[in-house]
Amino acid sequence: MKPIKLKENIYWVGEIDWDLRNFHGYSTQRGSTYNAYLILDEKITLIDTVRPYLYEKMMKRISHLTAPSNIHYIISNHVEMDHSGSLPHLMEAAKNATIVTSPNGQKGLIAHYKNKDWNFRVVKSDETISLGNKNIKFILTPMVHWPDNMMSYLVEDNILFSNDAFGQHIASSERFDDECFQGVVVEEAKKYYANIVLPYSSLVQKAMDLISPLPIDMIAPSHGIIWRSYVNAITDEYRKWAANRTEKTGLIIYDTMWGSTEKIAHTIQEAFESRGVCTKMLNLRKNHISDIIADVLTARFICVGSPTLNSNMLPTVSGLLTYLKGLSPKNRVGLAFGSYGWGGQAAGHVENLLKECGFEIMETIKIQYVPDEIILQEVSDRLKKEIAKYV
Ligand code: FEO
């Protein structure tokens, strides 16, 4: 449990959550990391903390470098408890520390921990504080991910402590991007963006504009791997994701009762593929919705299918659509489909929810009972013509 050096007098003192498999509904099959950072200067400064059950481990790392009572500033970039959860314990160990946070950060920390006698220093955007030899500048980034979020920029070392932005849920002994397989880190960063940050994309764009003039050697997020060799690559991806820029790809997301909706799904896939649109089949019984949403981040065509059950769609499909609507992806084309026995309401409900997502809508496909080859061929021919209008 040793600290890991980023640059001279700057250390990672966070903790790895190897066993985490679910983060409030987000499937974290690679675990996660809560990154805290210690800066040794005249005013010893800790940036963020870890979840309370990992507090002792964080303190062991800190104790390799200094006595916790020597901590002068604790920068709270974000109130959410995965980063602030150890503050109540820590403030017992570092009784004289001042918590540096945004105005909403102060309100949020008081609302969470009810401890009004903590020392706070509330900072504004562009404000700088001196730690002695080093200076930290604050960039308020509300809604990336909560109203309180801010980033801290270590001026002399060109390190951006970005909190949730640029993070990934990865448990790993490696700390830096060039020590890992880059494809995995970007894939997890994409999943993180899609599930956590996507609804606030317009504010991410503003945040990107605020950080773009800064020389950045490292981006040190609050989860996962630290970016130092691929800073430009990940910032380019963030700009693309924040702009809702999609690719010529499609997703066929569905659940099925007796296989009829699945047959329609395969017909839809073949129609898209015949028009040069790469597609992915995503059975909701086999894929976690947080993984599906990662694919939604870059796909232009979102096709969603359900058979009718009790005058409605299957619960897996309504769960997906409710989640999708909240994440608010833009610039997509939606297609509803499904089989039915008598009422046939599901496809219409799916269509309505896709409309509520703000998607352009293709003509809904609904087929009674088991589709035969003739009906599927008709569906395919019509769909190919419709797809041709978009590609
Ligand atoms: Fe990693 Fe919004 O907390």
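1. Helices (H or I, at least four residues) and strands (E, at least two) are DSSP runs, numbered from the N terminus.

2. Before going on, a word on the source: this is a predicted model, in which local features need pLDDT of at least 70, side-chain atom pairs count only at pLDDT 80 or more, and totals for chains, interfaces and linings use all residues. Residues are numbered from 1 along each chain as its sequence is written, and side-chain values use heavy atoms, with hydrogens and water left out.

3. Strand β14 (residues 150-154) pairs with β15 in the antiparallel sense, over three bridges; two strands pair if DSSP finds at least two bridges between them. L154 has I159 of β15 as its bridge partner.

4. β15 also has a partner in strand β16 (residues 218-221): these two pair in the parallel sense over four bridges. Here N163 stands opposite P221 in β16.

5. How covered is strand β15 (residues 159-163)? Five of its five residues are buried, where buried means under 20% relative accessible area, exposed over 50% and partly exposed in between (1.4 Å probe, protein chains only). I159, F161 and N163 point one way, while L160 and S162 point the other way. In a regular strand the side chains alternate between the two faces of the sheet.

6. Now to the helices. The axes of helix α5 (residues 182-197) and helix α7 (residues 231-242) come within 11 Å and cross at roughly 30 degrees. Axes are lines fitted to C-alpha atoms, for helices over the stretch in contact, and angles run from 0 to 180 degrees between N-to-C directions. The angle makes α5 roughly parallel to α7 (under 35 degrees; over 145 is roughly antiparallel, 65 to 115 roughly perpendicular, the rest oblique).

7. Which residues make this contact (heavy atoms within 4.5 Å)? From α5 come Q182, V186, A189, K190 and Y193, and from α7 come A233, I234, E237, Y238, W241 and A242. They divide into eight nonpolar, one polar and two charged (Ala, Val, Leu, Ile, Met, Phe, Trp, Tyr, Cys and Pro count as nonpolar, Asp, Glu, Lys and Arg as charged, and the others, Gly among them, as polar).

8. Another helix pair to look at is α10 (residues 315-327) with α11 (residues 346-356), packed at an angle of about 10 degrees with axes 9 Å apart. That makes α10 roughly parallel to α11. V317, L321, L324 and K325 of α10 meet V350, L353, L354 and E356 of α11, a set with six nonpolar, no polar and two charged residues.

Note on methods:
Contact = heavy atoms within 4.5 Å.
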